[in-house]
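Subject: Structure handover

Hello,

Here is the structure for your files. Please open it alongside this note.

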Amino acid sequence: MRYILILVIIAIFYTSNPSVSEHQQAVKNKINNVVKNNFPSNSEMPSDNLMSALGGLFVDGLVGGAVESSVTRKDYFLFSLTNVDFNGESRVIGIGLLGKVKISDEFMDVIKQTIQKEKRPNTVIID
């Protein structure tokens, strides 16, 4: 009886292991949430809201392409790891288990810091 229970548990873990597209979608969702939280649309002007929506579509497309080309999954049959390839290095940024993908908070902090750097105005020094 104990062996049957163990086999059932293994079968549940195996069949619910997230696919590579689920790992990629989890990364896209996290990045899009960070971008939207750092570039909110608080304007009452319809034209500003339209520009914000168009910008969001652009960011979604840009993020989607980057994620699909750099995010992979390492499959361990009962669970999987989310890897990102950046500058020739592969780093684990998340784990997939029981149909869910959890992305590391450390990775999200790096994304936030990158966005904050991009938001700073460029300074021009004139001699």
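Below are the findings on the sheet and the core.

This is a predicted model, where local features need pLDDT of at least 70 and side-chain atom pairs count only at pLDDT 80 or more, while totals for chains, interfaces and linings use all residues. Residues are numbered from 1 along each chain as its sequence is written, and side-chain values use heavy atoms, with hydrogens and water left out.

The sheet first. Four strands form an open sheet in the order β1-β2-β3-β4, with antiparallel pairing. Strands are DSSP runs of E, at least two residues; helices are runs of H or I, at least four; both are numbered from the N terminus. Pairing takes at least two DSSP bridges between two strands. β1 and β4 (100-103) are the edge strands, each with a single partner, so one side of each has no neighbour in the sheet. Neighbouring strands are turned by 35 degrees against each other on average, direction ignored. The axes behind that angle are lines fitted to C-alpha atoms, and angles run from 0 to 180 degrees between N-to-C directions.

Now the pairs. β1 (residues 71-75) and β2 (residues 80-86) share five bridges. Thr72 sits opposite Asn83 in β2. Four residues separate the two strands of this hairpin, and Phe77 in the turn has a positive phi of about 70 degrees. Seven bridges link β2 to β3 (residues 89-97), again antiparallel. Asp85 has Ser90 in β3 as its bridge partner.

Last, the core. The largest nonpolar core has 13 residues, and Val27, Ile31, Ile103 and Phe107 have the most contacts inside it. Such a core is a set of buried Ala, Val, Leu, Ile, Met, Phe, Trp, Tyr and Cys residues joined through side-chain atoms within 4.5 Å. Buried means under 20% relative accessible area (1.4 Å probe, protein chains only). α2 (20-38) and α4 (105-119) are the elements that give two or more residues to this core. The largest share, five residues, comes from α2.

Best wishes

How values were computed. Buried < 20%, exposed > 50% of the residue type's maximum accessible area, 1.4 Å probe, protein only.
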